[in-house]
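Reader: Please take me through a model, feature by feature. I want to know how to read each one.

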Amino acid sequence: VTEERPENPELHQYRLRAREWLAANIPIASEENPGDVQDPRLERLAEFKQRQQRLFEAGYAGFTFPPEYGGQGLTLEHERVFAEEASSYDMPSTNFGVSINILGATLVAYGSHEQKQAHVANILSGKELWLQFLSEPSGGSDLGGLLTSAVRDGDYYIVNGQKTWSTGAHLSDFALCPVRTRWDVPKHKGISVLIIDLKSPGIEIRRIKQIDGGAEFCEEFFTDMAVPAVNLVGEENEGWRVARGLLEIEHAWVGRGGARTNTASAGVAPIVSLVKRRGLDHDTGVRRQVVGLHVASMAQDLVSARVSDAIAAGKLAHGYGSLLKLGDDIVTQRRAEYALAVAGASGVAWRAGDPDESGWSRDFLDSRSDSIAGGTDEIQRNNVSERVLGLPREPSFDRDIPFNQVPHN
Ligand SMILES: Cc1cc2nc3c(=O)[nH]c(=O)nc-3n(C[C@H](O)[C@H](O)[C@H](O)COP(=O)(O)OP(=O)(O)OC[C@H]3O[C@@H](n4cnc5c(N)ncnc54)[C@H](O)[C@@H]3O)c2cc1C
């Protein structure tokens, strides 16, 4: 499909150079090295950091980032071409995708020159791993209702409170963290965003053990953590703009397929192989289903490319990113559900190390979490209705009253 799409000569040359470079520098993904590990073990992280450094040095990191801060100053088309060429390689994307494309991009958009100089190139090269501290135990969807507090004390903010569901905090170096700096104004008007150095005193990071055996999530407890005031991103009490901008960047990136695992990026190809192995490739019903999934995947990819380019060119509002994320979640779930159905009983129980079967249930579970991570599908639907379709805002009882008068636990 990729080969058949007409491509301008410059982009085609870029593709050929990327293809050659990948073949010479990055190993092909395999069952042992699937390139999309959800729970990056420490020893693999060190290996992936070296790989990310190599990508950075070769100019294959931060495609659309400004050259001034270590980026390539290229277009989303270059990023897409590289991602297509890299899809079968053991790439460090899962480890660094969020750090670069959400946190790095947010810092470029909202950080000071000094903050960008200090961190962006390190983020692109994998030297610094960043994440976001958005969710709190009281709820993640209502980000504006966050309770973690920061009080200015001379050259520092003193931070107290708790965050949760932070992916990979135990392996990370820095976080962007919205905190409440005023309580006597409506909730969106008293938020500020801080850069938190995870190696500083005053923060305790605990891992959360999951039902599937993984432990990639963490919760963080802040006790009088002193954060330098120079770590404020944007203006004090104007952090809602930054936090909302971060979410828009996240939705657009996830929506253009940035967060997909290798299997999901491969569209229906893995399902076609499975169908053949099951001897179902002549079954008309199965063929019809697979074609339907292929059409949905292609449509999502093409819409995503068009809409992403239009957002990047300033022709569409950033709210359109929610449309893409929602579409990507739905198509990924449809594919994963169907693959599990074709795999049948062996999709839920398999012999240890059986390469044919073990991935289907993991893909299925991952596809469910896609509709929660980075904002649930219900929230994306709200965003689409309000920011894309211009429908009335969802009713809110606490939007306009001072936050210290809002009941919360
Ligand atoms: C794989 C994964 C990775 C994650 N990584 C991170 C991370 O690195 N950092 C981080 O901060 N968080 C992270 N999260 C947490 C994630 O952002 C939250 O789970 C998500 O925002 C939802 O918040 P919640 O779980 O508190 O659910 P709640 O906000 O309590 O929502 C519960 C349910 O109510 C629905 N709901 C809530 N409000 C509305 C509304 N206004 N209209 C309609 N329905 C509504 C929701 O859709 C949901 O179904 C991650 C989650 C996952 C699954």
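Author: We take helix packing, then a hairpin, then backbone phi values. This is a predicted model, where local features need pLDDT of at least 70, side-chain atom pairs count only at pLDDT 80 or more, and totals for chains, interfaces and linings use all residues. Residues are numbered from 1 along each chain as its sequence is written, and side-chain values use heavy atoms, with hydrogens and water left out.

Reader: How do I read a pair of packed helices?

Author: Two packed helices are described by the angle between their axes and the distance between the axes. Axes are lines fitted to C-alpha atoms, for helices over the stretch in contact, and angles run from 0 to 180 degrees between N-to-C directions. Helices are DSSP runs (H or I, at least four residues) and strands likewise (E, at least two), numbered from the N terminus.

Reader: At what angle do the axes of α8 and α10 cross?

Author: Roughly 15°. The axes of α8 (residues 269-277) and α10 (residues 320-343) come within 10 Å. The two helices are therefore roughly parallel (angles under 35 degrees).

Reader: Which residues make that contact?

Author: Contact means heavy atoms within 4.5 Å. From α8 come Ile271, Leu274 and Val275; from α10 come Arg335, Tyr338, Ala339, Val342 and Ala343. Seven are nonpolar (Ala, Val, Leu, Ile, Met, Phe, Trp, Tyr, Cys and Pro), none is polar, and one is charged (Asp, Glu, Lys and Arg).

Reader: How do α3 and α9 pack?

Author: Helix α3 (residues 76-86) and helix α9 (residues 284-312) pack at about 145°, with axes 10 Å apart. Leu76, Glu77 and Arg80 of α3 meet Ala305, Ser308, Asp309 and Ala312 of α9. By class, this contact has three nonpolar, one polar and three charged residues.

Reader: Now the hairpin. How many bridges join β2 to β3?

Author: Strands pair if DSSP finds at least two bridges between them. Here five bridges join β2 (residues 149-153) to β3 (residues 156-167), and the strands run antiparallel. Ser149 has Asn160 of β3 as its bridge partner. Two residues lie between the strands, and Gly154 of this hairpin takes a positive phi near 65°.

Reader: What should I expect of phi elsewhere?

Author: Most residues other than glycine have a negative phi. Trp165, not a glycine, has a positive phi near 60°. Trp165 lies in β3. Asn237 is not a glycine either, and its phi is positive, about 70°. Asn237 sits in the loop between β8 (232-233) and α6 (239-255).

Terms used. Parallel < 35°, antiparallel > 145°, perpendicular 65-115°, else oblique.
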